[in-house]
Amino acid sequence: MIKIAVLCSGGDSQGMNTCVQAIVNMATVHGIMVMGVRRGYQGLIEGDLVQLTRESVANIGTLGGCELKVSRCPEFMTEAGVKKGYDVLQKNRIDYLIVLGGDGSFRGAIDLERMGAKVIGIPCTIDNDLFYTDKTLGFDTAVNNAVSAIDNMHQTMAANDRGLVVEVMGRNCGHLALNAAVAVGAHSLAVKEMGCPLEEVVIDVKHCLFNGVKSPIVVVSEAMDYTVEDVRKAIEKECGIECRACVIGYLQRGGTPSVFDRTFATQLGINAIELIYQGISGVALGIRNSNIFYMKLEEVYNLKDEFNKLLYKQLRSLHNLK
Ligand code: ADP
Ligand code: F6P
């Protein structure tokens, strides 16, 4: 009987639970035994494994967060840490390991594979910063959460003719900020990829106010080297309107996964088990032009970020900004 393990690592993202559920259900169909590793690489090093069954995952598919729990594990960034993890896999006779995680977690997966483990990577992060795939699992829900939070806040800002400055997550990557900004029709967007010094954000807001906007929305990526409070103060000082600032933070990372993420998670889980059933490993799954595909884990970093400059420019053109 094939025996596999699954772990979730790094920041949790919506859809991880759905994916684990699909993995277990599909594995059961093929008579494959699934062990869940609790707390990512930390749990792997400690041998914290539990058997997962159809029954034990029956009610997790619709939940945000991560029932297996995640961790950030500095020890796994050392060769000794990876060796400990590899030994646990050997001791427990694990044939394949499925790693659900982001950029850092995939680096750990590659290290394990180089040591001789058979690994499959599933891209999970709200940041959408694994560029070999059009989307990472959790991104769609996180954008929807950000949009819903901004919409709510903007209703009250508009009632008071106030400006709104919102910081969104994404680590070093502006994809979440861009997609949320377009969906809410933001009047200025600050992302690292496009430079966006604070003075230019203020100029955007001035321009929009001049054109009759009463309650401008500014979306700021967390990667910027100024804070939303800096932006708020600058707007109040330079533009003469009242303004409020908000960091929406973990609101984006929790909550029920969207329909897209549930479907994507289910497809990823099914495909991971199909690959294992065919004896394929050392690969990462992804989605391109709506099709699930896989490529060598070692090659996922060859593809660099392509920030959607066209969409950024289109957003600016909405408000006649240069
Ligand atoms: P994410 O996977 O969401 O990008 P992190 O960057 O925090 O999250 O990485 C998650 C975990 O992956 C880290 O805590 C560490 O255990 C492991 N990891 C990260 N980078 C490496 C690396 N270069 N080599 C080995 N393991 C790594
Ligand atoms: O990688 C996901 C993410 O939510 C980033 O957007 C954010 O910068 C980071 O994790 C926050 O990490 P933590 O949960 O450790 O505060």
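**Strand β5**

I started with the side chains of β5: V119, G121 and P123 point one way, I120 and I122 the other, and all of them are buried. I note here that the model is predicted. Buried means under 20% relative accessible area. I then counted along the strand. β5 covers residues 119-123, and five of the five are buried, so the rest of the structure largely encloses this strand.

**Neighbours of β5**

Next I asked which strands pair with β5, and in which sense. β4, residues 96-101, pairs with β5 in the parallel sense over five bridges. I120 and I122 point the same way from β5.

Helix α4, residues 103-114, belongs to it. Together, β4, α4 and β5 make a right-handed β-α-β unit.

**The four-stranded sheet**

I moved on to another set of strands. I read the order as β7-β8-β6-β9, an open sheet of four strands with parallel pairing. Which strands sit at the edges? They are β7 (188-190) and β9 (243-247), and each pairs on one side only.

β6, residues 163-168, pairs with β9 in the parallel sense over five bridges. For G163 I found the bridge partner C243 in β9.

**Ligand 2**

Last, I listed what surrounds ligand 2. The residues are R72, I126, D127, M169, G170, R171, E222, Y250 and R253. I went through three of them for contacts with ligand oxygen atoms.

- For G170, a polar backbone atom is 3.1 Å from an oxygen atom of the ligand.
- For Y250, an N or O atom in the side chain is 2.4 Å from an oxygen atom of the ligand.
- For R253, an N or O atom in the side chain is 2.9 Å from an oxygen atom of the ligand.

How much of ligand 2 does the protein bury? I noted 400 Å² exposed when the ligand is taken alone, and the protein buries 76% of that.

Definitions and conventions
Residues numbered from 1 in each chain as written. Chains lettered and ligands numbered in written order. Predicted model: local features only at pLDDT ≥ 70, side-chain atom pairs only at ≥ 80, totals over all residues. Heavy atoms only, no water. Buried < 20%, exposed > 50% of the residue type's maximum accessible area, 1.4 Å probe, protein only. Helix = DSSP H or I, 4+ residues; strand = E, 2+ residues; numbered from the N terminus. Pairing = 2+ DSSP bridges. Right-handed = clockwise from strand over helix to strand, strands pointing away. Near = heavy atom within 4 Å. Polar contact = N/O pair within 3.5 Å; in protein donor to acceptor, adjacent residues only side chain to side chain. Areas by Shrake-Rupley, 256 points an atom, 1.4 Å probe, with all protein chains shown as cover.
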